[in-house]
Amino acid sequence: MKYGIFEGLGVVLLALGGQGAIRQLIDRDNAGLLGWLPGGFAASITVYILAVVIGVVVAGWAHAAAKTAGRNS
């Protein structure tokens, strides 16, 4: 159960970071959720990419741990 929650959170981070990074690359003035962040384009694209990487790592770890614990998927 707890691995499912972590896997879900990882996927949410991946989705939010991915769509934010794509939006930022297409329209540099549209920072989306990170519009409040100081530092402009460089800071917000870095945070979005970091969210994608963390999301992939957390979701992958949770999926592997759940398989090891006996969940069949």
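The count of aromatic pairs comes to two in this predicted model. Ring pairs link Tyr3, Phe6 and Trp61 into a cluster. Separately, the charged end of Arg28 sits over the ring of Phe41.

**Pair Tyr3–Trp61**
- Tyr3 and Trp61 form an edge-to-face aromatic pair, with 5.8 Å centre to centre and 70° between the planes.
- Tyr3 belongs to helix α1 (residues 2–26) and Trp61 to helix α2 (residues 40–68), so this pair ties together parts that are 58 residues apart in sequence.

**Pair Phe6–Trp61**
- The ring centres of Phe6 and Trp61 are 5.7 Å apart and the planes stand at 75°, so this pair is edge-to-face; the cut-off for that class is over 60 degrees.
- Phe6 lies in helix α1 and Trp61 in helix α2, so the pair ties together parts that are 55 residues apart in sequence.

**Accessibility of the cluster residues**
- Tyr3 has 22% relative accessibility and counts as partly exposed; the limit for buried is under 20%.
- Phe6, at 36% relative accessibility, counts as partly exposed.
- Trp61 has a relative accessibility of 46% and counts as partly exposed, because exposed requires over 50%.

**Charge over a ring**
- The charged end of Arg28 is 4.0 Å from the centre of the Phe41 ring and sits over that ring.

Methods
Residues numbered from 1 in each chain as written. Predicted model: local features only at pLDDT ≥ 70, side-chain atom pairs only at ≥ 80, totals over all residues. Heavy atoms only, no water. Phe/Tyr/Trp six-rings, centres within 6.5 Å; stacked < 30°, edge-to-face > 60°. Helix = DSSP H or I, 4+ residues; strand = E, 2+ residues; numbered from the N terminus. Buried < 20%, exposed > 50% of the residue type's maximum accessible area, 1.4 Å probe, protein only. Lys NZ or Arg CZ within 6 Å of the ring centre and 35° of its normal.
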